[in-house]
Amino acid sequence: VRDSDIAALKRTLLSTDGTASSTSLTSKRQKSKTSAHGMGGVGKTTVACALVHDEEILSSFEKVVWVSVGLEPNIRELQDSIYEQVVGMAIPATATSPGLVLKALADGARRSKILLVLDDVWDRAHERQLNCIDPSSESKVLVTTRIRGLMQECDEISLNLMAPGEAVELLLRAGQLEDADDATSAAAQKI
C-alpha cells in the first residue's frame with residue numbers, strides 16, 4: 001500500500017544527479033533533504049518506516065538513523081540518540097555548548113553514508129538542531145511533518161489520504177481477507 005508515495009521518496013533519496021521527479025514532488029535541483037508532509041494520521045511515519053526497511057534503501061546507505069521529534073522535543077536527548085546511532089558511543093564531554101554538540105554530530109556523520117530520519121518535526125529550528133548531514137555528501141535527511149513548506153531547500157513529497165483502492169486493500173489485509181471478492185466489494189461500497 002502507498003507504493004507510489006514510497007517510490008517517490010525512494011527516487012528522491014537515491015537520486016544523485018538531480019533527476020528525481022514525480023507529480024507529487026517539488027524539486028528544482030537535487031538536495032540532501034526530503035520532506036514528507038501531510039495531515040495527522042495520513043501515514044507519514046508508516047510510509048517512512050516502510051521506506052527504511054526497503055532493500056534498495058538499506059543497501060544504499062551504511063546507516064539508517066531515526067529519531068521521533070514531536071511538538072516539544074528534548075533536543076539534547078535527541079542529539080545524544082543520533083550520536084549514539086551514528087558513532088556508537090556518547091557525545092564527547094568536551095561538547096559543552098549547542099554549537100559544539102552539533103559539530104560533534106556533524107563530525108561523526110562524516111564517517112558514513114547515512115539516511116537520517118527526523119520523524120514528526122513541527123519546527124524548522126528543531127530540524128536545524130538535529131540535522132548533522134553535510135549537504136555536499138551522499139548522506140540524506142528525511143523529515144516527516146504535518147506542515148507543508150516547513151523545510152527550506154528540500155524536495156517535498158505530499159502524502160495525501162489513501163486512494164479508495166489502497167484503503168480497501170489495507171482494510172482487507174488487516175482483516176486477513178485479501179482474496180475475498182465479496183469482502184472487497186462490500187468494503188469498496190462503504191468507502
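**Entry 1: Ser-35**

Does Ser-35 count as buried or exposed? I looked up its relative accessibility, and at 0% Ser-35 counts as buried. Here buried means under 20% relative accessible area, exposed means over 50%, and partly exposed is in between, with a 1.4 Å probe and protein chains only. Ser-35 lies in strand 2, residues 33–37. Leaving aside neighbours within four places in sequence, I found Ser-35 in contact with Val-143, Thr-145, Met-151, Cys-154, Asp-155, Glu-156 and Ile-157. Contact means heavy atoms within 4.5 Å.

**Entry 2: what I am working with**

This is a predicted model, in which local features need pLDDT of at least 70 and side-chain atom pairs count only at pLDDT 80 or more, while totals for chains, interfaces and linings use all residues. Residues are numbered from 1 along each chain as its sequence is written, and side-chain values use heavy atoms, with hydrogens and water left out.

**Entry 3: the whole chain**

I noted eight helices and six strands in the chain. Helices (H or I, at least four residues) and strands (E, at least two) are DSSP runs, numbered from the N terminus. Along the sequence the pattern reads α-β-β-α-α-β-α-α-β-α-β-β-α-α. The chain has 191 residues, and buried residues make up 43% of them. I also looked up the contacts with a separation of 6 or more: residues 24 or more positions apart account for 69% of these.

**Entry 4: helix 1 against helix 2**

At what angle do the axes of helix 1 and helix 2 cross? They cross at roughly 55° and come within 10 Å. Axes are lines fitted to C-alpha atoms, for helices over the stretch in contact, and angles run from 0 to 180 degrees between N-to-C directions. The angle makes helix 1 oblique to helix 2. For the word oblique I wrote down the scale: under 35 degrees is roughly parallel, over 145 roughly antiparallel, 65 to 115 roughly perpendicular, and the rest oblique.

Helix 1 passes helix 2 in a right-handed crossing. A crossing is right-handed if the near helix is turned clockwise from the far one by less than a right angle, and left-handed if anticlockwise. On the helix 1 side I listed Ile-6, Leu-9, Lys-10 and Leu-13, which meet Val-47, Ala-50 and Leu-51 in helix 2. The residues of this contact divide into six nonpolar, no polar and one charged. In this count Ala, Val, Leu, Ile, Met, Phe, Trp, Tyr, Cys and Pro are nonpolar, Asp, Glu, Lys and Arg are charged, and the others, Gly among them, are polar.

**Entry 5: Lys-10 and its partner**

Lys-10 is buried, with a relative accessible area of 18%. I then looked for a charged partner. Side chains of opposite charge can pair when their charged atoms come close. Lys-10 forms a salt bridge with Asp-54, and their closest N and O atoms are 3.2 Å apart. A salt bridge is a side-chain nitrogen of Lys or Arg within 4 Å of a carboxyl oxygen of Asp or Glu. Lys-10 is in helix 1 (residues 3–14) and Asp-54 in the loop between helix 2 (44–52) and helix 3 (55–60), so the pair ties together parts that are 44 residues apart in sequence. Lys-10, Asp-54 and Glu-56 are linked in a network of salt bridges. How many salt bridges does the structure hold? I found seven.

**Entry 6: helix 4 against helix 5**

Helix 4 (residues 75–87) and helix 5 (residues 98–109) pack at an angle of about 20°, and their axes are 9 Å apart. The two helices are therefore roughly parallel to each other. Helix 4 passes helix 5 in a left-handed crossing. From helix 4 the contact uses Arg-76, Gln-79, Ile-82, Tyr-83, Val-86 and Val-87, and from helix 5 Val-101, Ala-104, Leu-105, Gly-108 and Ala-109. I sorted these residues into eight nonpolar, two polar and one charged.

Ile-75 is also in helix 4. Ile-75 is buried, at 15% relative accessible area. Not counting residues up to four places away in sequence, Ile-75 touches His-126, Gln-129 and Leu-130.

**Entry 7: Asp-107**

Asp-107 is partly exposed at 28% relative accessibility. Asp-107 forms a salt bridge with Lys-103, with closest N and O atoms 2.8 Å apart. Lys-103 and Asp-107 are four residues apart in helix 5, and are therefore separated by about one helical turn. Lys-103 is partly exposed at 48%. Asp-107 also meets Arg-110 in a salt bridge (2.9 Å, N to O), and Arg-110 is exposed at 54%.
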